[in-house]
Amino acid sequence: MGGVEQVIHQIATGASKQGVHTEVLALTTNRMPRTIEMNGYKVNRARMNFQIASTGFSASAFLRFSQLAKKADIIHYHFPWPFMDVVHFATRVKKPSVVTYHSDIIRQKYLLKLYRPLKRKFLASVDRIVTTSPNYLKTSNVLEKFSDKVSIIPIGLDKATYPQPSLEKLQYWRTKLGPKFFLFVGVIRYYKGLHILLEAMQGVDYPIVIVGAGPIEDELKALKKQLGLRNIHFLGQLPDEDKVALFTLCYGVVFPSHLRSEAFGVSLLEGAMHGKPMISSEIGTGTTFINIADLTGLVVPPSDPTALQQAMRYLWEHPTEAAEMGQRAAERYWQHFTADQMAQSYVDLYGELLHSRENLHRHYVDQTLARCGDLSALPHRASDNN
């Protein structure tokens, strides 16, 4: 799962515990789409026909969405996904709607010019917009235009849903990687700043473990070779038990994302959940809502290998301070970022939307009756029975 998929999973799982029946519509490249029973909710998969600029398109999704929406009380979108904006208007579903706004569109500047009118119309049409941190609300030009209907609901994780690594698994990774290393977990994309991390490792030899796969993985491995780095471990995608084992064992979490496409940082939050000191960049997003400078970790300027190296050196050479930061990170997770808190906030929001729609309908009926006058005062005629 990527970050958005993890968020949807946590919302659906948490809301189901409070009696909310959730069905998710997603795309798949499999030839035989099917419905999957997950942890308290259903995933309906529509066949993806093609992809443009990381956006999947599906002909069958129009009908499937329409069928699901007709029996739903609330429609919950996740942005950005331009294809779903099209589906929203094409199916003409008139239900209360909320969209979780995960990120501005950063990279596709030319396509954004074409998409901007549809985007504005879509965001104007939904009843409520949710952003995941106050930081992002303050720094997004898009959200600024819709601030009157924006709510802030931080992403939350349920630690109990993560597997407990076996002693054998922990020992395996301890033997393979050594007792002290920095960890990065995530999809290896352009905005993750891993090239900055590799550049920061010139002249030092801290062990770096990179978990995940992605479109620029080969490019980064070539950069590692070019820079002559020896202690960088690319582990690829791993099962959840291995990932938790690495979070348990690591000395600290490094998260060098340097562009606003990194709107929150779920794996950074996983580091806080496991009580690890963190290093992240100040990019005006949720990364520095999770990681508070000098409290839960260190925050450096984006795209600055020297500052990143200095931050890593400080944590490496100050184990007592690093451990205290990790402890405060865990405390902050329990205070602000649990899945139960996130799910409760969404369930409350769903209730507000339904209540507002019911009040609007009641007001419309009252106004209609008032315009029609008191029908009981009209004279009765036999023909009125026809």
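Asp242 is buried, its relative accessible area being 7%, where buried means under 20% relative accessible area, exposed over 50% and partly exposed in between, with a 1.4 Å probe and protein chains only. The model is predicted, so that local features need pLDDT of at least 70 and side-chain atom pairs count only at pLDDT 80 or more, whereas totals for chains, interfaces and linings use all residues. Residues are numbered from 1 along each chain as its sequence is written, and side-chain values use heavy atoms, with hydrogens and water left out.

**View 1. Asp242 and Lys169 form a salt bridge.** The closest N and O atoms of the pair are 3.2 Å apart, a salt bridge being a side-chain nitrogen of Lys or Arg within 4 Å of a carboxyl oxygen of Asp or Glu. Asp242 belongs to helix H10 (residues 240-249) and Lys169 to helix H7 (residues 167-177), so the pair ties together parts that are 73 residues apart in sequence. Helices (H or I, at least four residues) and strands (E, at least two) are DSSP runs, numbered from the N terminus. Lys169 is partly exposed, with a relative accessible area of 23%.

**View 2. Asp205 and Arg230 meet through their side chains in a salt bridge.** The N to O distance is 3.9 Å, and the pair links distant parts of the chain, 25 residues apart: Asp205 lies in the loop between helix H8 (194-200) and strand S11 (208-211), and Arg230 in the loop between helix H9 (217-227) and strand S12 (232-236). Asp205 is partly exposed at 42% relative accessibility, while Arg230 is exposed, with a relative accessible area of 71%.

**View 3. Lys221 forms a salt bridge with Glu217.** The closest N and O atoms are 3.3 Å apart, and the two residues, four apart in helix H9, are separated by about one helical turn. Glu217 is buried at 14% relative accessibility, whereas Lys221 is partly exposed, with a relative accessible area of 36%.

**View 4. The second largest pocket is lined by 16 residues.** A pocket is an open set of points on a 1 Å grid over the protein atoms alone, where a 1.4 Å probe fits, with protein on both sides within 12 Å along at least five of seven lines, and lining residues have an atom within 4 Å of a point. Asp104, Leu112, Lys119, Asn141 and Val142 lie nearest the pocket's centre. Helix H4 (109-125) gives the most to this lining, with five residues.
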